[in-house]
Amino acid sequence: MESKSEWEPRIVGLLCKWCSYAGADLAGTSRKKYPANVRILKVPCSGRVDPLLILKVLRLGFDGVLISGCHPGDCHYQTGNYRARRRIALTKKFLEYMGVSEGRIQASWVSASEGDKFAGVVTDVTKGLKEIGPNKLFAEDGQ
Amino acid sequence: MEQELRKEASKLLEEGKVDYIVGFAPGSLKFSTTPLITKEKEEVASLVINPFIVNNLAKFLTEVLGRVGIVAKGCDSRSIVSLIQDNQVVRENVVIIGVPCSGLIDIVKVEKLVGKDRNEIDDIALQGEKVAVIVGGEKTELPTKKVLFDNCLGCEFPTPQEYDILIGEPVDTTCNRELGQEKMKELEGMTPERRWEFWKYQFSRCIMCYACRQVCPACFCERCFIEESEPQWVLPVSKWQDNLIFQVIRNIHVAGRCTDCGECERVCPVNIPLRSLTKKMYGLVNEMFHYEAGTDKNAPPLMTAYEYEETKDLIR
C-alpha cells in the first residue's frame, strides 16, 4: 500500500482537438511547468464526451476526470460545447448527490492560445484531488 | 365515469378515428388492473377507471402502430407530451382521453396497514382525505396520505395537461410539493461517503431484470447501451458497480423526459428506491435549466437546447 505522501492522483483529460488539445500543446512548447498527473485523450469536440466515458474513467480507478473544450461561442461545430455543458453539469451534480466528491469531475474552457490557463487548471485540479484522496469508489470491499 | 369512457372509446372506434384503444381492464388479481390494447368494440366494455390504474400507458404509444386512442392520467399525459417533443409520437395520430386522477392506491401499503391479504379485503374506496377499507363487513378508515403511491403525494398535475376528450371534472392539485421527498431529503443530509455506501448496498441487490427500463415511457431507444458489446460498457454479470453505472446513465439519458411518474420504482422486484434518483434528476433539471418535462409540447427537448448564460459556476 502506498503511503499518502507518495501517492499521486491519476487524472484523465478529455480535450477537444480544436482548442484545449492545442492549448495543452502550447503549454508544452512554451515550457510551462504543470503536474504530470494528467493523461490526455483527444476528442473531436467536448460534445463527444458521453457521461458514460466519465463513469468508465472512475470505474477504471482513475482519481479524476478533466473535460476541456472551447469557450462558449467558439465551438468548431457551433453548438457542441453548449450541449456538453448541459450534460456535464447534470452528470456532475447527479454524481455528487450519489456520493462522488465534487472535485473528481472537472470541466474547463481552454482555447488554443491559453497555454497558461491549461497549466493553471491542471495544477489546481491535481491539488484538489490530492486533498480528496485516492478513488476507491468502485473498488471491491477489502481492496 | 366508466360509462362515459366506454361510450367515447367505442365511438372513436366506430367512427374510425383510431385503430386501437389503449386503456385499463380489470387485472387477474383483486384490486389490480392490466393494460388493455384492443380494436374490438366488444372489449371496450371492460375498460375501467378506479384508483388502481397504476400503469403509465404512454409506453405503448411507441410500440403500437397506427392511430391510438389512449386513456391518460395526469402523469401519463406528461409522458405523452414528452414523447411528442422527441418526435416519437405524432400528435395527430393520438387521441388522448384524459382522466383526472385523485391519486392511486398502493395495495401493498393497504395490505400492510390492515394486516390482511388482498383476497380477504372486500372493498376499498377512496373518499378524499380518507380511504374506507371493508374487511369481513367491518369498515376501517385509513388516512389517504398513508396508502397512496409516493409519487402521487407530490403530484402537481392530477388533471391531464394535454387531452382531446376529458372524462369527468378536472381535479385541483391539493398536494404539497414537499411530500414524497422525505427519502431524498434524508439522503441529502448524509455525508457523501454514507450516500455512496447506501447506493452501493442498493445496487448490490439489483438482479439486472431491467424492468425499470422496460416500463419507462422515456426509455424508447431501440438499442440500449447495456446491450452493446463493442465497447462493452457494463459487464453482463451482476456487479454492483455496473448496476450503479447503468442506473446513473439511464437517469441521465431520460433527464428532461422523465416526469417522475414512479413506474421504475413500482416495478422493481427488489424495491430499490429508484425514485430517490429520478426525483433528484427532475429537481436538478428544473433548478439548473428551468425546464419541466412534459409540460410544453412545442419546447425543444432539454439536451438539444442551450442558453448562453447557464451553469457558469460549474466550469472553470
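From the N terminus on, the elements of chain A run β-α-β-α-β-α-β-α in this predicted model. The chain holds 4 helices and 4 strands. The radius of gyration of chain A is 15 Å, close to the 15 Å that the globule rule gives for 143 residues, so chain A is as compact as a globular protein of that length. Along the principal axes, the C-alpha trace of chain A spans about 45 × 35 × 20 Å. Of the 143 residues, 53% count as buried. Contacts in chain A reach across the sequence. Among those between residues at least 6 apart, 84% join residues at least 24 apart.

The 4 strands of chain A form an open sheet. Their order is E2-E1-E3-E4, and the pairing is parallel. Strand E2 (38-43) and strand E4 (105-109) of chain A are the edge strands, each pairing on one side only. From one strand to the next, the twist averages 20°. Within this sheet, strand E1 (residues 11-16) and strand E3 (residues 64-69) of chain A pair in the parallel sense over 5 bridges. A:Leu15 has A:Ser68 of E3(A) as its bridge partner. In general, strands of a sheet pair through backbone hydrogen bonds, either parallel or antiparallel.

Helix H3 of chain A covers residues 80-98. At 1.5 Å a residue, its 19 residues should span 27 Å. The end C-alpha atoms of H3(A) are 27 Å apart, which agrees with that expectation. A residue counts as buried if 20 or more other C-beta atoms lie within 10 Å of its own. By this criterion, 17 of the 19 residues of H3(A) are buried, so the helix is largely enclosed by the rest of the structure. A:Gly99 follows H3(A), and the phi of A:Gly99 is positive, near 120°.

Chain B is divided into three parts: domain 1 (1-101 + 157-174), domain 2 (107-146) and domain 3 (181-316). The C-alpha centres of domain 2 and domain 3 of chain B lie 33 Å apart.

Chain B also contains an open sheet, here of 5 strands. Its order is E2-E1-E3-E4-E8, with mixed pairing. Strand E2 (33-38) and strand E8 (165-166) of chain B stand at the edges. Each has a single partner strand, so one side of each is left without a neighbour in the sheet. Strand E1 (residues 20-26) of chain B is joined to E2(B) by 6 bridges, and the two run antiparallel. In this pairing, B:Phe24 stands opposite B:Pro35 of E2(B). Helix H3 (residues 74-85) of chain B packs on the sheet. The helix touches strand E3 (68-72) and strand E4 (94-98) of chain B. Its direction makes about 160° with that of E4(B).

B:Glu4 and B:Leu166 are 162 residues apart along the chain, yet their C-alpha atoms are separated by 9.9 Å.

Conventions:
Residues numbered from 1 in each chain as written. Chains lettered and ligands numbered in written order. Predicted model: local features only at pLDDT ≥ 70, side-chain atom pairs only at ≥ 80, totals over all residues. Pairing = 2+ DSSP bridges. Axes fitted to C-alpha atoms, helices over the stretch in contact; angles between N-to-C directions. Expected span 1.5 Å × (residues − 1). Buried ≥ 20, exposed ≤ 12 C-beta atoms within 10 Å, placed from the backbone. Rg over C-alpha atoms; globule rule 2.2 N^0.38 Å. Contact = placed C-beta atoms within 7 Å. Domains from an automatic or database assignment.
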